[in-house]
There are 2 protein chains.
Amino acid sequence: MSDIRTQSLQKPVTVAEYLFRRLHQIGIRSVHGLPGDFNLVALDYVPKAGLKWVGSVNELNAAYAADGYARAKGISALVTTFGVGELSAINGVAGAYSEHVPIVHIVGCPSTISQRNGMLLHHTLGNGDFHVFANMSENISCDVAKLVKPSEIAYQIDHAIRECWIRSRPVYIWLPTDMVEKKIEGARLDTEIDLSEPENDPDREDYVVDVVLRYLHGAKNPVVLVDACAIRHRVTEEVKRFIEKTKLPVFVTPMGKGAFDETSEHYGGVYAGTGSLPEVAKRVEGSDLVLSIGAIKSDFNTAGFSYHTSQLNTIDLHSDHCTVRYSEYPGVAMRGVLRKVTERIDMSKLSITPSPPVENAVAENRDDSQAITQAWFWPRVGEYFQEGDVVVTETGTANFGIWESRFPKDVMGVTQVLWGSIGWSVGAAQGAALAVKDLEQDRRTILFVGDGSFQLTCQEVSTMLKHNLRVTMLHYRTLHPWYGRGLQRYHPLELYRYPRGLWRQGRPVSEVRHQDKG
Amino acid sequence: MSDIRTQSLQKPVTVAEYLFRRLHQIGIRSVHGLPGDFNLVALDYVPKAGLKWVGSVNELNAAYAADGYARAKGISALVTTFGVGELSAINGVAGAYSEHVPIVHIVGCPSTISQRNGMLLHHTLGNGDFHVFANMSENISCDVAKLVKPSEIAYQIDHAIRECWIRSRPVYIWLPTDMVEKKIEGARLDTEIDLSEPENDPDREDYVVDVVLRYLHGAKNPVVLVDACAIRHRVTEEVKRFIEKTKLPVFVTPMGKGAFDETSEHYGGVYAGTGSLPEVAKRVEGSDLVLSIGAIKSDFNTAGFSYHTSQLNTIDLHSDHCTVRYSEYPGVAMRGVLRKVTERIDMSKLSITPSPPVENAVAENRDDSQAITQAWFWPRVGEYFQEGDVVVTETGTANFGIWESRFPKDVMGVTQVLWGSIGWSVGAAQGAALAVKDLEQDRRTILFVGDGSFQLTCQEVSTMLKHNLRVTMLHYRTLHPWYGRGLQRYHPLELYRYPRGLWRQGRPVSEVRHQDKG
């Protein structure tokens, strides 16, 4: 009977082929993950679809790497096995959910027959519950597709991938071993998945645009503040065009660093409440209108909720709603609003106070000792960066220090400020560097990670070597191992080590001593 | 007001002190885990309660280590931080749930005030849901204690610890930062937690005992088959006394290996269906009554469900029920039944067919090449073992190979056959060796782990070194990296490396070549 059904299918393909060809179509070239009994047959289809199998050293690292890959390439895929594999990866996937990073997580699971018979299989809790792990992942996925009925699978895969892209968050695809080679309709593959975002309702959008324009035209010294979701929901081009036209001063949050060209005359620096440089805080907090784009106002992104701005002076544009002062507009997405505001703004009504000049990235060194202080280090890092670098900073010291490094043009900042999982950066650097390689771009990936964080995920360096990735790792030691997850910036200074000859200042590598900032 | 309440408490102690003193009382001496913002204050109380802080290199390794510690010491504790930490550990805790290993998992979480205010904190999904991770853990915990109301906390802690011990599975304790130093009644600490198992209902128990005795007395060639839950639910002493009295032949399953003295004349070998040695299979499958104690009849534990025994010839004793042929006795636990059966058995009615002699552990080596084959290797490993060794075998090759190694007296087998998470053994070996050290015992911990598995958790070796643990690691390479999670035993032979001079046979270390078994 299954033969008859197969014959009636147009261009029949196996489920695995369908899935991996879809991943290739949306731009994925490398698939992260680990093999396991319940995904082995599916993995045989990875190379057949033109995809490279990465094979990370463990599932958590693989998830972190998929996160980094998605940030650099737009979207990524992760394959794990039932129970042991997917649960090892779950923290990495949760981080991607938290931080709006789109990962297609494919979990190979026991056959529908084993499940129906309640077999006591390995990688189970021994209680016959085969859905328990998928239920856990439901909390950190914007779609769960359990592929158990061949006639529905193609639609389920397409829907999951679209959700992943549009909502920029992980989806979970549950692939039983006996579904992997089931035949489904391949003719669907001739049409690519529609990944275009739904348009806003035009009347509602026009209404919001009018409100935004009214406030912009009326403001004395408006500023623009760009945050993480401007990057994750892909509106940085819209932001760029808006600034090119309006010449308004632009600031970024810690999570938004890299979203706007820091060499632009319109760029004003990093705003993070009391964590900002004084002139930045003064300018943003003195503004009578902050146009905030893609904000995630979390504790670490706002230096402990220390914004001194008023919601009465704020317009918030988000991927799924907008807020003007206290008026909310659910379902109105920022892209359409930004485009129309750019198009319709009346420059004669716009009052522009230019950005303050960004502080010289390499301040004069007044330190006569051989110690390397954070105050000395981070501004100088900006000198080392080159156009197009991918800069990955670990949670803790580096996440805060990087605020003080100015990026050259087209530098991509990769950081996990909201989820803040220690060790993430090593996997993320692997994934980002692999994406750069897959894109055939000539970019360096530069990783800042401390000793304490590095030990959590250190073996991922072997994957970097295996795939010959261009990663430069800057390693440092902190003085507060107990506070490994803490707000390093608020502690006294730390030590640093780095490769010999990296810096022009010629400080000897062996000279690493501690000195307080104060 | 809180002062008034505190004054009315008898011997007030902080929640953290109460919790950690309870852990000390039940025999825990070392606490595994990693620091994080939401558990830092609690961790300050670890040394104050006489406990050692281990500080593993990442949370998954810490969970694996807590698993190994609990297997060797009876129970263990694991401390992680909210979100990032607990989710990194969740696969290890799920394994402990699956395999009946008692771990008290303490998760430091945001203050009740932050939660009430729905603050956008780091380590959250950014959606204000603070319960999402606890909900995930509920599926792999036999008790969840959310410590949010001081007047209930002492009871909650005691209840969770008791459940953990009695049910021999993980519990989850959720400790908000603002509860850590709340004062609660310390007078309770003067009375230790009652960890005694509930007695069976005497009438029901007597009934089951009568049924068991009737079948035992009537059987021609009964055998005893000891499995994992005999170890985990602590009835190995009862089994020993039962065999000492009855002299019945005893077999163990792969997961039950180590539950019975393999140097005993009553010991017959490892039964695993078609995976058994022929004479073992013949004896067990030819028996007209298999008294099975603490069985977990999973795929890998039964060599792919290949038991050739009939339920009509089987009595199953479990921790929470018994089954005699097809009659079920829920709520009747094996300990009481075993004791009474031992006491009441009528030796004159018992028909004993002795065990077959266990095959010579070191078969003659007929292999002239320099290759090390599995067939050659595993039986010889038994020669290397010493009385009291703790033998940890990784999922895959070692888990299957060890069936063919005979254990000296008091060897503890540590293996994860049901959950089967690759990489687990490295953490588990650390935990088991630390337990041995805490017990001030002079035992070696011997770890068998392949290159592929080792890379997942390799950095845990640094914790072994830091705590100066006595671990001997035997490392090998397999030829089927793609099948890293597979049934290695069914694949052709593998290569081995091992430390120079370990074996008496004098084979050179550098000579590692491949040879097929066939």
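Here are legends for a handful of close-up views of this predicted model.

Residues are numbered from 1 along each chain as its sequence is written, while chains are lettered from A and ligands numbered from 1 in the order they are written. Local features need a pLDDT of at least 70 and side-chain atom pairs a pLDDT of 80 or more, though totals for chains, interfaces and linings use all residues; side-chain values rest on heavy atoms, with hydrogens and water left out.

**View 1. Chain A as a whole.** Of its 518 residues, 63% are buried, where buried means under 20% relative accessible area, exposed over 50% and partly exposed in between (1.4 Å probe, protein chains only). Take the contacts in chain A between residues at least 6 apart in sequence: 75% of them join residues at least 24 apart. Contact here means heavy atoms within 4.5 Å.

**View 2. A:Met136 and its contacts in both chains.** A:Met136 sits in helix α8 (residues 132–138) of chain A and, at 1% relative accessibility, counts as buried. Setting aside neighbours within four places in sequence, A:Met136 touches A:Leu87 and A:Ile90, plus B:Ile90, B:Met136, B:Asn139 and B:Ile140. A:Ile90 is 46 residues away along the chain, yet the C-alpha atoms of A:Met136 and A:Ile90 are separated by 8.8 Å.

**View 3. Aromatic rings that pair up.** Across all chains, the whole structure holds 24 aromatic pairs. Rings of Phe, Tyr and Trp (its six-membered ring) pair if their centres lie within 6.5 Å; planes under 30 degrees apart are stacked, over 60 edge-to-face and the rest tilted. B:Phe300 and B:Phe400 make an edge-to-face pair, 5.7 Å centre to centre with 70° between the planes. B:Phe300 lies in the loop between β12 (290–293) and β13 (314–317) of chain B and B:Phe400 in helix α16 (residues 397–401) of chain B, so this pair ties together parts 100 residues apart in sequence. Both B:Phe300 and B:Phe400 are buried.

**View 4. A tilted pair, B:Trp378 with B:Phe448.** The ring centres of B:Trp378 and B:Phe448 are 5.2 Å apart and their planes meet at 50°, so the pair counts as tilted. B:Trp378 belongs to helix α15 (residues 374–384) of chain B and B:Phe448 to strand β18 (residues 445–450) of chain B, 70 residues apart. Both are tucked away: B:Trp378 is buried at 1% relative accessible area, and B:Phe448 is buried at 0%.

**View 5. Arginines over tyrosine rings.** B:Arg169 lies over the face of B:Tyr97, 4.0 Å from the ring centre. B:Arg444 does likewise over B:Tyr384, at 4.6 Å. To count, NZ of Lys or CZ of Arg must be within 6 Å of the ring centre and within 35 degrees of the ring normal.

View 6. B:Glu460 lies in helix α19 (residues 460–466) of chain B.

Methods
Helices (H or I, at least four residues) and strands (E, at least two) are DSSP runs, numbered from the N terminus.
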